[in-house]
Amino acid sequence: MTLKLVKSTGLWKRSLEPQEDSSDSYREEFAICLEKFRERTETLVSLISSDMKDYTVHDISHLDALWEMASIIAGENFELNPAEAFVFGGAVLMHDAGMTLAAYNYGLKEIKKTCEWQDISSSVSQKDKDETTEPPSEALIIQEVLRLLHAKKAEELMLQPFKISGNSEQLYLCEDSDMRNHFGELIGKVAHSHHWSKQQLLSDLPKSLGPFKNTTWSVDVMKVALLLRCADAAHIDHRRAPKLLMALTQPEGISKTHWKFQTKLAKPQVNTSRLLYTSTSEFEAKDIDAWHLCWEAIKVINKELSDASDYFLTEGYKFEVVGAVGADSASDFSKHVRVKGWKPVPTEIQVSDVPHLARTLGGRDLYSSRAAPLRELIQNSADAIEARVLQDTDFSLEEGKILIDISEEQDDFIILSVEDNGIGMSEKTMTNHLLDFGKSFWRSEAAREEFSGLQYKFHPRGRYGIGFFSVFMWAEEITVSSRIFSEGTVDARVLEFRKGLRKRPILRDAESNEKSHKFSTKTKLKIPVKKWREVFERNYDDHMKGKYFPRHFQENFYADTNPHSLLAQLTAILPINLYLNHGSKEKIVKLPNWKKESADVIDNFVKKLENITPEFEEDYEEKFNADFFNYSEIKNKDLVIGRATISPQTSEYTHSGRLYVYEKGIYIGLAPYRNVKGLIEGKAGNAARDRVICPNLLSNTEWIEKQKKHMSKTIANVGEAISCQSSLLFFNCYMDDQPLFLINRQWVSP
């Protein structure tokens with residue numbers, strides 16, 4: 001097959017067709033090499049359709065069409081020299097070539113070993129589990145993994161040898177070794193860059209490449225990369241979605257919607273320096289989703305063209321096309337991409353005041369606990385440390401450290417800072433995902449890109465994407481300083497809020513006092529003293545009136561206390577070192593090895609937690625011997641998930657127990673079991689972390705039997721026996737040989 005379409009374009013003719021100059025031989029050498037390169041790549045990309053069954057056309061017809069789209073966008077006055085044309089053509093050939101298993105020498109076996117496969121399998125499976133749907137098929141996982149990997153794979157393909165089994169010969173897509181060695185790495189980077197962000201494009205691409213052999217043609221890399229991005233984004237017409245092929249392949253889901261709109265689009269034309277897309281037929285009411293997806297694609301094209309135009313302002317050249325018609329208005333777009341029987345309006349859900357939503361649902365109206373900001377900051381730090389342990393082979397959990405510093409400042413403010421030596425945040429994460437209300441970074445595609453292989457083995461506490469916003473319950477002046485753990489302090493950036501969420505934050509380089517090798521992330525809050533006292537200076541009368549805890553009795557856990565006690569309670573079984581600077585630096589007393597400690601140690605620790613028990617319960621323990629409280633193991637499939645005891649009940653009080661529930665070491669609430677005391681692992685059932693998902697103790701017969709036998713051996717009189725029996729009845733059991741019924745004024749056993 002010839003390069004008929006490609007050779008007919010203005011870009012090819014001006015750059016690679018023979019000219020009357022002394023460089024014609026090299027010009028011809030570039031053209032011949034590119035044509036052979038294309039022939040081999042055609043074979044590879046022809047296999048994409050078998051692995052990406054639901055996707056629109058990605059074969060050689062798509063690659064050839066990018067030359068046509070690039071020529072339309074660039075215009076007649078835009079020049080590429082032969083070397084730039086060769087790099088552009090090579091990047092076009094490579095940019096989608098990784099979307100087939102054939103691009104990998106060991107096929108499916110090879111990609112199953114990648115971190116991306118593990119991440120996608122874990123992420124998709126968890127999503128489907130949450131949505132109670134059928135698990136995804138392997139074919140769907142393959143498609144998603146190839147989509148994620150293909151741009152990165154594009155960087156390798158030109159330099160990757162292909163081998164025939166049992167044969168030592170090495171085959172390359174580009175046969176010319178001189179061309180391959182000189183341009184191969186750059187072509188790979190440009191091909192990879194079509195999936196990069198604008199920021200990464202500017203920071204990671206080299207600016208230029210020097211001439212090949214005796215030529216004088218250097219390569220302006222950004223010019224070529226922007227041309228590829230814009231041409232690839234703009235090629236969305238019917239040639240990529242033939243109707244017959246759609247009928248034969250029957251794509252599903254979002255892919256079907258892509259096919260629907262592309263099937264109806266004609267090739268674009270230029271109208272007053274903008275691309276004009278028109279539809280070959282009308283979009284009916286049943287095609288609403290396809291029409292809106294089409295409009296979203298037009299907005300993406302418009303942004304790519306606009307960004308390229310902005311970049312070229314300082315470079316001395318420009319594309320003829322600088323935007324797309326209808327990108328700013330649904331009604332204007334519908335004049336060209338026509339509809340029938342309905343009117344396109346912006347019907348998607350909108351939030352007109354995002355800062356207000358974040359302040360309320362992310363803060364005071366979501367969290368019943370006034371200690372929530374501190375808890376959420378500790379939770380974020382703990383997640384960051386555990387994520388680093390999984391990414392950094394030279395870093396252990398024992399080396400993880402969270403430091404909380406509390407100091408007073410003039411003008412009635414308290415300065416609270418929380419720092420950790422965890423995985424850290426990139427500039428992109430700080431400016432996008434940290435402030436993306438309601439979307440967790442840990443499960444995002446960005447996390448897969450930045451920390452490959454983390455998702456499938458990491459189970460974070462933070463999964464709602466709103467925890468950070470709780471800090472605005474306490475303060476308006478906030479700074480977040482961070483860097484990826486593997487970077488130097490020079491890479492640290494600071495996100496600074498000066499008026500809470502009422503004004504946009506600023507991103508700046510960290511100052512010298514905001515940098516440290518000891519921590520990766522540090523969050524500092526300037527808290528009014530009045531607000532601080534609301535947390536740490538409450539009294540019993542306010543508590544009983546519901547002034548502080550309007551929703552859940554479990555808030556009893558946060559009582560009149562000091563920062564040290566509160567931190568000890570919040571992080572009782574957190575397996576990460578936690579330090580407090582409040583007058584003097586001290587390590588927080590916790591019980592990280594609680595699963596293995598003796599019953600006496602657990603009992604003493606729970607008593608410390610219960611220093612918040614209301615006064616009318618203070619003498620309850622004195623009525624029973626300490627031997628009553630047997631903190632035996634609660635197991636689930638041979639794994640210890642709790643240490644708890646059934647507490648005797650008296651006639652004076654309805655219940656006497658507190659079973660403290662922790663999610664990965666951080667307190668989330670009290671379990672709904674009367675007369676049970678101890679510690680147990682559970683899970684937060686909502687974003688506010690005040691609804692507890694706790695293991696079912698009523699069906700844990702092994703633990704119940706241990707408690708019953710211990711009580712039977714320990715009771716000393718009828719009163720104690722009745723108290724124990726009352727508690728056991730809640731678990732649908734009792735002691736056969738101890739009093740239970742009152743008959744004729746006498747207590748009798750069953």
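Guide: Gladly, and the naming comes first: helices (H or I, at least four residues) and strands (E, at least two) are DSSP runs, numbered from the N terminus. By that naming, F458 is found in the loop between α20 (445-450) and β10 (477-482). Residues are numbered from 1 along each chain as its sequence is written. This is a predicted model, where local features need pLDDT of at least 70, side-chain atom pairs count only at pLDDT 80 or more, and totals for chains, interfaces and linings use all residues, while side-chain values use heavy atoms, with hydrogens and water left out.

Visitor: Why is F458 called buried?

Guide: Buried means under 20% relative accessible area, exposed over 50%, and partly exposed in between (1.4 Å probe, protein chains only). F458 has 4% relative accessibility, so F458 counts as buried.

Visitor: What does F458 touch?

Guide: Contact means heavy atoms within 4.5 Å. Not counting residues up to four places away in sequence, F458 touches D383, E386, A387, L390, W442 and R443. F458 and D383 are 75 residues apart along the chain, and their C-alpha atoms are separated by 9.0 Å.

Visitor: Is R461 buried or exposed?

Guide: R461, in the loop between α20 and β10, has a relative accessible area of 1% and is therefore buried. Leaving aside neighbours within four places in sequence, R461 is in contact with Q379, A382, D383, E386, L574, E663, K664, I666 and R689.

Visitor: What makes a polar contact between the side chains of R461 and E386?

Guide: A polar contact is a pair of N or O atoms within 3.5 Å; within protein, one must be able to donate a hydrogen and the other to accept it, and residues adjacent in sequence count only if both atoms are side-chain atoms. The side chains of R461 and E386 make such a contact at 2.8 Å. The R461 side chain also reaches the backbone oxygen of K664, at 2.8 Å.

Visitor: How do you know that the span of helix α3 is close to what is expected?

Guide: The expected span of a helix is 1.5 Å times one less than its number of residues. With 22 residues (24-45), α3 reaches 31 Å from its first C-alpha to its last, close to the expected 32 Å. Its buried residues are Y26, R27, F30, A31, C33, L34, F37, R38, T41, L44 and V45. The elements covering them include α2 (10-15), α4 (48-51), α5 (60-74), α6 (82-94), α9 (138-157) and α10 (177-193).

Visitor: And D64, what makes that residue buried?

Guide: D64 is in helix α5, and its relative accessibility is 9%, so D64 counts as buried. Beyond neighbours within four places in sequence, D64 is in contact with L5, V6 and R38.

Visitor: Why is the ring pair of F78 and F319 called tilted?

Guide: Rings of Phe, Tyr and Trp (its six-membered ring) pair if their centres lie within 6.5 Å; planes under 30 degrees apart count as stacked, over 60 as edge-to-face and the rest as tilted. The structure holds 30 aromatic pairs. For F78 and F319 the centres are 5.1 Å apart and the planes at 55 degrees, so the pair is tilted. F78 lies in the loop between α5 and α6 and F319 in the loop between α15 (288-312) and β7, so the pair ties together parts 241 residues apart in sequence. Both F78 and F319 are buried. Elsewhere, ring pairs link F30, F86, F183, F212 and W217 into a cluster.

Visitor: What makes β5 an edge strand?

Guide: Two strands pair if DSSP finds at least two bridges between them. β5 and β6 (residues 274-276) run antiparallel and are joined by 3 bridges, with L276 in β6 as the bridge partner of Q269. The open sheet has 3 strands in the order β5-β6-β7, with mixed pairing. β5 (269-271) and β7 (323-324) each have a single partner strand, so one side of each is left without a neighbour in the sheet.

Visitor: Why is K213 called partly exposed?

Guide: K213 sits in the loop between β3 (208-209) and β4 (219-220), and its 46% relative accessibility is why K213 counts as partly exposed. Its phi is near 50 degrees, a positive value in a residue other than glycine.

Visitor: How confident is the prediction, as a pLDDT average?

Guide: pLDDT is the predictor's confidence in each residue, from 0 to 100. The protein averages 85, and 88% of the residues score at least 70. Over residues 539-560 the pLDDT is below 50, with 50 contacts beyond near neighbours in sequence. Where pLDDT is low, the predicted coordinates should not be read in detail.
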